[in-house]
Amino acid sequence: MLRQIKSPVASRQSPVFKDLLLCAFSGVLLSFPFLRINLWVFAWFGFVPLFFALQNKSKTQAFLLAYFTGLIFWLGTIYWLMHVTLIGMFLMSLYLALYFGLFGTIVSSLSIPPRPFAPLYISSIWVILEYIRSYLMTGFPWALLGYSQSTNLPVIQIADITGAWGVSFVVMMANVAVYQVASCNLQLANIVRKCWLPVVCLAGVLVYGY
């Protein structure tokens, strides 16, 4: 029987291609709520492919993968700036993607699945980066994660207390919780134990919203 011999180059390229595909998919999913079709539901799990791509990566690899995700997201979100300045749109996307890169670098150094409070501190990191982006160098507060829920009325009612940051926080918590469940193949009891915090927060948000 003949044995199939895999090229060492192909074996190295395949995981890289898979990671880039996951990152591109994540960037596209996250851009959907900000298009005219306003598919807000994709924001609740748009980061999950990126989280999978960041598994077991060095900080440099994580930065580059998350940066690529951010680049795809921003090119798909502020594409209309090309009608004003194509170079400016591209340069702005290159800058804004840095925040994704920083986020990926931090997340890669944390062990998400085993920690029940991961949704809390991962969401806090994201909101801090959004806040910095909104004010640093005159700021660019567009396309905050919370803005993705602009037509999801029950969820955005907490904005009268927390602003858009609170909505961003809740949506990111949901992303981390979905990743925890998808990556760990948890039993029902473990799912409840590890994901109770996002569930309680989301339930509180919906009760307040309604």
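Me: How many helices and how many strands does the protein chain have?

Reply: In this predicted model, the protein chain has nine helices and zero strands, and from the N terminus on its elements run α-α-α-α-α-α-α-α-α.

Me: Why is Ser31 called buried?

Reply: Ser31 has a relative accessible area of 6%, and buried means under 20%, so Ser31 is counted as buried. Ser31 lies in helix H1 (residues 8-31), and, not counting residues up to four places away in sequence, Ser31 touches Phe73, Gly76 and Thr77. For the protein chain as a whole, buried residues make up 42% of the 210 residues.

Me: What makes Met82 partly exposed?

Reply: The relative accessibility of Met82 is 39%, and partly exposed covers what lies between the buried limit of 20% and the exposed limit of 50%, so Met82 counts as partly exposed. Met82 is placed in the loop between helix H3 (59-77) and helix H4 (86-108).

Me: What share of the accessible surface of the protein chain belongs to carbon and sulfur atoms?

Reply: The accessible surface comes to about 11500 Å², and 71% of this area belongs to carbon and sulfur atoms.

Note on methods:
Residues are numbered from 1 along each chain as its sequence is written. This is a predicted model: local features need pLDDT of at least 70, side-chain atom pairs count only at pLDDT 80 or more; totals for chains, interfaces and linings use all residues. Side-chain values use heavy atoms; hydrogens and water are left out. Helices (H or I, at least four residues) and strands (E, at least two) are DSSP runs, numbered from the N terminus. Buried means under 20% relative accessible area, exposed over 50%, partly exposed in between (1.4 Å probe, protein chains only). Accessible areas come from the Shrake-Rupley method with a 1.4 Å probe; for residues, only the protein chains shown count as cover. Contact means heavy atoms within 4.5 Å.
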